[in-house]
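Please look through the sequence and the structure shown below before reading on. The report then takes up the salt bridges, the overall build, the pocket and the surface in turn.

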Amino acid sequence: MAMKDAKALYKAGEKRLGTDEKTFIRIFSERSRAQLAAISAAYHDIYGGSLKKAVKSETSGKFERGLLTILQCSENPAKYFAKALHKAMKGLGTDDTTLIRIIVTRTEIDMQYIKAEYLRKYKKTLNDAVHSDTSGHYRTFLLSLLGPNN
């Protein structure tokens, strides 16, 4: 199935002049996270290039961003969420909506993996980053959801 979808995406994009967006929409919206990761691997094995690169060259704007987000989440969700959390806290101000949404929704799913990826990528624990970027009861709430600092 992954090989079949990889071939369909190639035919809908890189192989033709123009892009058959309907094929991209169908495959990216109907396949599971694991299946999309398998499609991406199959695409690389068959055509030697990455599906991410194909999406970048064949699509644009918000459509491209949406497809790339789905692809990044399917290949390594912890890495995607660690990057999103870092982006929400870097620079002046905090994107509190993103910070809350990710911490609240991922706490019982895969937060330990996100925390490990955050530490690996940014050389700082996620707990320390949240602590330095928030205050008061809001800080206490987020840190209690994150659990022990490790």
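## Salt bridges

In this structure, which is a predicted model, a search of the whole structure finds four salt bridges. One of them joins Asp5 to Arg31, and the closest N and O atoms of this pair are 2.6 Å apart. The pair links distant parts of the chain, since Asp5 belongs to helix α1 (residues 2-12) while Arg31 sits in the loop between α2 (21-30) and α3, 26 residues apart.

Arg31 also takes part in a salt bridge with Glu30, where the distance from N to O is 3.5 Å. Asp5, Glu30 and Arg31 are therefore linked in a network of salt bridges, a salt bridge being a side-chain nitrogen of Lys or Arg within 4 Å of a carboxyl oxygen of Asp or Glu.

Arg31 has a relative accessibility of 17%, and because buried means under 20%, Arg31 counts as buried.

Glu117 is buried, with a relative accessible area of 10%.

## Overall build

The secondary structure of the protein consists of ten helices and zero strands, so that reading along the sequence gives the pattern α-α-α-α-α-α-α-α-α-α. The C-alpha trace spans about 55 × 25 × 25 Å along its principal axes. Of the 150 residues in the protein, 37% are buried.

One pair of residues gives an example of a distance within this build. Ala38 and Ile109 are 71 residues apart along the chain, and their C-alpha atoms are separated by 21 Å. Ala38 is found in helix α3 (residues 33-47) and is partly exposed, with a relative accessible area of 32%.

## The largest pocket

How much space lies in the largest pocket? The largest pocket holds about 390 Å³ of space. It is lined by 14 residues, and those closest to its centre are Arg65, Thr69, Tyr80, Ala84 and Lys87. The elements that contribute two or more residues to this lining are α5 (61-75), α6 (77-89) and α7 (96-106).

Helix α6 provides the largest share of the lining of the largest pocket, with six residues. By kind, the lining residues divide into six nonpolar, three polar and five charged.

## A nonpolar patch on the surface

Which residues form a nonpolar patch on the surface? The patch is made of Ile100, Val104 and Phe141, and together these residues have about 240 Å² of accessible area.

Phe141 lies in helix α10 (residues 136-146).

Terms used
Residues numbered from 1 in each chain as written. Predicted model: local features only at pLDDT ≥ 70, side-chain atom pairs only at ≥ 80, totals over all residues. Heavy atoms only, no water. Patch = residues over 30% accessible without salt bridge, like charges linked within 9 Å, V, L, I, M, F, W, Y side chains within 5 Å. Areas by Shrake-Rupley, 256 points an atom, 1.4 Å probe, with all protein chains shown as cover. Helix = DSSP H or I, 4+ residues; strand = E, 2+ residues; numbered from the N terminus. 1 Å grid on protein atoms, 1.4 Å probe; cavity = no way out; pocket = protein on both sides within 12 Å on 5 of 7 lines; lining within 4 Å. Points joined across faces, edges and corners; volume = space filled by probe spheres on them. Nonpolar A, V, L, I, M, F, W, Y, C, P; charged D, E, K, R; others polar. Buried < 20%, exposed > 50% of the residue type's maximum accessible area, 1.4 Å probe, protein only.
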